[in-house]
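Let's walk through this structure together, one region at a time. Keep the sequence and the 3D view side by side as you read.

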Amino acid sequence: MEFRNVSMPHHGHVSSPYLRRISVLALLILGLFTSGWSQGQISGVVQDQGTGSPLVGARIWIENTQIGNLTADDGSFSLKNPKSFPVFLLVTYYGYDTLRTEVSAPTENLTVGMTPSEMSLETVEIIGSGFSDRKKQSALSVESMSIGAIKETPAANFYDGLGSLKEVDLNAASIGFKVVNTRGFNSAAPVRSLQIIDGVDNQAPGLNFSLGNFLGASELDVEQVDLIIGASSAYYGPNAFNGVISMKTKSPFVHKGLSAMVKGGERSLGEFAVRYARPFQNKAGRDVFAFKINAYYLRADDWEATNLDPVDDSRVPIDNPGGYNAVNRYGDENGDNQRYNGTSNTDKFLNPGLGRFYRTGYEERDLVDYDTRNLKIAGALHFMLTPKVELIASSTYGNGTTVLQGDNRYSLKDIQFFQNRLEIRQENKFFWRAYATNEDAGNSYDAVFTAYRLQDRVKSDEQWATDYRNFWAGAVGQDYPFPPSSAPRNQVRMLEGFPPIAFPYDFDTADSVIRANNAFITTLHDSARLYADNFQFPRLVPGTDEFQEAFDEITSTPLNRGGTMLVDRSALYHTHGEYIFNPTWAKIIVGANGRIYRPNSEGTIFSDTLTYTFDTLPDGTVQRVDSSFERISVWEAGIYGGIERTFFTNRLKINATARLDKNQNFNPVPSFAVSGVFNLNSDNILRLSYASAVRNPTLNDQYLYYDVGTAILAGNLDGFPNLVDTASLIRFLEDPDKDKSQLEYFDVDPVQPERVQTFEVGYRGTFKERFYVDAAYYLSRYRDFIGFQVGADIEFSPVFPDILTQVQAFRVSANAQDIVYTQGASVGLNYYLDGGFAINGNYSWNKLLTSTDDPIIPAYNTPEHKFNIGVSGRDFSIGSVKHVGFNVNYKWIDGFLFEGSPQFTGMIPSYQLVDAQVNKFFPKLKSTVKVGASNLFNRRQFQIYGGPRVGRMIYVSLLTEISSI
């Protein structure tokens, strides 16, 4: 909007006293008039300068005040100006240049036209606070979801909608636990990506990774989500290894009033959220205080993990008469042990048909609570200490039940999460924040280990295998008398064509007859299984009172006391400060942060084991006087600095950052980043960057001591000497001569931080203000990857040197020796049509370049190819029906090998999904009704191997937003 001074034509000198009195009176009236309007409303619409399309969710505020708002679904806004005119309005919108415009008088029809940004993306503020409000050039690959996109996502919730963004992998371990990752080396536990909310790390302190949005922000309070893709330690500190998920919540000064949402859908989905925010002004009309409160609740019947396929590299097929090790059946893994192996020539002769047999396990659906629940409550107080300096105090509480997948499958039951933050800041100048995060695992337990405990409650694996063998051989107990001729091994020998007992024995013919009579052999094994399950001590059967009583006792008893309950009351304390200098020639940023980890598992997860204090009495006896758990405390700190400068009349921007981090258990580690962004012209931009990243070993990598029955999972701060290679140990055990020279010993060095270096080149272009292109290529070099090595600690009898007295398997955290290279490319396309319609698409390619036999190289777990195609419409009319919108997205994911623990490794087949929604806005009710579906055509597929097959979720939601009360 442009205002001009208008001069009236001069008609000569006015000298009449009468006319002079009229002029004075007119001036007085005009003065009163303008005085009355010196404070008043400013309202209008924000739109695209070229297309005239309204921009929904643009932020608009009066300069040097906290008075502002977001544009409505039709692009409209309204502000009350408490100051004298003229004032300046600042307007920001993702993908557009920041606009500053002068308003000289109250107005009701101001039209603000915004120009698409030459850079399209916001710049990263070096460290900590995520993105600035100014839209500037970015040398990094960034994908964003604005407030409008959050509302319009066709997925069941905004977090699921992140999966449609370029270069983003979204995997579901359950409805309540989603994993976001970028650029490879994905896992069910996302330790290589960092998730922050308003600059606050959202990781669970003990688990050392984020639980997706299970303990995050309510959808009603999220203003924008940005995914900074690739190595970002120089910008965000340790653990920003493969990327950063940065959420920004809504300011109560800008997003005022009451919002409420209710959503219902398939699988008994019920979702409820409410947000209320209110600012307060002083007598001068300036905002000085505001608060907001959020409450969110989710309830759903979770997807069930019911995959009964044989595990990857299974030693037997699914029709093996003695059973097999199924993916989501636990306790049957012991069939792979030597005791259960009836395949030797001795067994083939003495016990034909026995083969390899597996203990009766328990399916996950009998062990896990699939009733997903999630409660989140948050509140914040905002104080304007000065017109520019803001003080924030906030608290967040999360609680719920869901299923987590890591090395095992875990039922996170009644887990609690507390987070408190205090922050003082001046936008684009400085901030200091401190926060504390506390968690309580509640009644969580290890579902896989629970199956082992249930089996052990009845009889040991050794006794069960002995009973099975005895039945096969006819050596049964008194409760099962039958003639020796009816023993399974003798029934096998009576099969037609079976070779007689003679020497040399015809093994080939015996194997052929057994294969030809597979169904009959299976019935014999079923009888042997029934005997082993019920002889003397019957198996605990799901659904019975005996099973439930044992299950409740096991899952409520800590791991180190014979149960499977996880004790985790860990805490994280963090402080971070930053200051920005703005000399005329550059922008300089310096900052520092520090944090303390305080894990507390009472010895169930970490090596914070129970220790005792003893005292010697006068009579010489030793008495225990005290006991306590060894406390673990780990600190780390970092300092950083960055400089940004433009050249050639702002056509070239150079940014350089350096950071140094120190963890108390490791040497200082530097990380660097340097980038350049060059404007070829107003519509075409090139970018080039180099960035390094570091990931400190997690608490698990350092202090884990987790006995899962078959092995001890151990952290590795001090190294592990003299472990025996498991393959050589098996050869030794199977060798009748017990030749010790077959044993291969090795040492594991202490674990060290991981490092990565990434080179990236990109292009962003705008064509005719309607067609946008964002393309990038990257090459990454990784070293010291943290994985694990498996070995055994063994001891021989001092009396009988060939007899083993102890075999304890360990899985030890360790670094890979090989260097790994990955590369990838991506392209995103957006085309905007008249009337609020748009077409978008993206394609991502990721490739592991290095072929290596290093067993420590972690699983890549990433599809080589994936793409999305979407069509959307916003605020259009169909005949007389106005304010209609829709969004449809098609996704295709290339098949890939997902490598987790041995139990949860397998192929994820290629799959395709369609998410769709249609919505209708009712202006008078200030409400939006949305009907949609994730996976519209119900193509059930695995996203994590070992997890559930994810199917369709049809939902209906009602969102009401009353902007001011």
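Predicted model: local features only at pLDDT ≥ 70, side-chain atom pairs only at ≥ 80, totals over all residues.

Before we get to any strands, one ground rule: two strands count as paired if DSSP finds at least two bridges between them. With that in hand, take strand E39 (residues 720–725) and E40: three bridges join them, and they run antiparallel.

Now zoom out for a moment. The protein chain has 13 helices and 55 strands. Of its 965 residues, 53% count as buried. Taking the contacts with a separation of 6 or more, 65% come from residues 24 or more positions apart.

Six strands form an open sheet, in the order E37-E38-E44-E43-E39-E40, and the pairing is mixed. Which strands stand at the edges? They are strand E37 (705–707) and strand E40 (745–748); each has a single partner strand, so one side of each is left without a neighbour in the sheet. Ignoring direction, neighbouring strands here are turned by 35 degrees against each other on average. There's a helix to look at here as well: helix H13 (residues 726–734) lies across E39, strand E43 (786–796) and strand E44 (804–815), and runs at about 50 degrees to E39.

Next, look at strand E45 (residues 820–832), which has partners in two strands. With strand E42 (residues 771–783) it is joined by 12 bridges, and the two run antiparallel. There, Asp774 stands opposite Gly828 in E45. With strand E46 (residues 837–848), E45 pairs over 11 bridges, again in the antiparallel sense, and Gln823 stands opposite Lys847 in E46. E45 and E46 form a hairpin with four residues between them, and in the turn Gly835 has a positive phi of about 80 degrees. As background, strands of a sheet pair through backbone hydrogen bonds, either parallel or antiparallel.

Strand E19 (residues 287–301) pairs with E24 in the antiparallel sense over 13 bridges, and the bridge partner of Ile293 is Gly379. E24 is also joined by 12 bridges to strand E25 (residues 389–405), running antiparallel. Here Phe383 has Leu391 in E25 as its bridge partner. E24 and E25 form a hairpin, with four residues between them.

How about a helix pair? Helix H6 (residues 447–458) and helix H11 (residues 545–555) pack at an angle of about 125 degrees, with their axes 10 Å apart. That angle makes H6 oblique to H11, and the crossing is right-handed. From H6, Thr450, Arg453, Leu454 and Arg457 meet Phe547, Ala550, Phe551, Glu553, Ile554 and Thr555 in H11. Sort that contact by class and you get five nonpolar, two polar and three charged residues.

Last, a single residue. Gln912 is found in strand E51 (residues 911–922). Is Gln912 buried, exposed or partly exposed? Its relative accessible area is 28%, so it is partly exposed. Leaving out residues up to four places away in sequence, Gln912 touches Tyr890, Lys891, Trp892 and Arg939. For Lys891, 21 residues apart from Gln912 along the chain, the C-alpha atoms of the two are separated by 5.5 Å.

Key. Residues numbered from 1 in each chain as written. Heavy atoms only, no water. Axes fitted to C-alpha atoms, helices over the stretch in contact; angles between N-to-C directions. Parallel < 35°, antiparallel > 145°, perpendicular 65-115°, else oblique. Left-handed = near helix turned anticlockwise from the far one by under 90°. Contact = heavy atoms within 4.5 Å. Nonpolar A, V, L, I, M, F, W, Y, C, P; charged D, E, K, R; others polar. Buried < 20%, exposed > 50% of the residue type's maximum accessible area, 1.4 Å probe, protein only.
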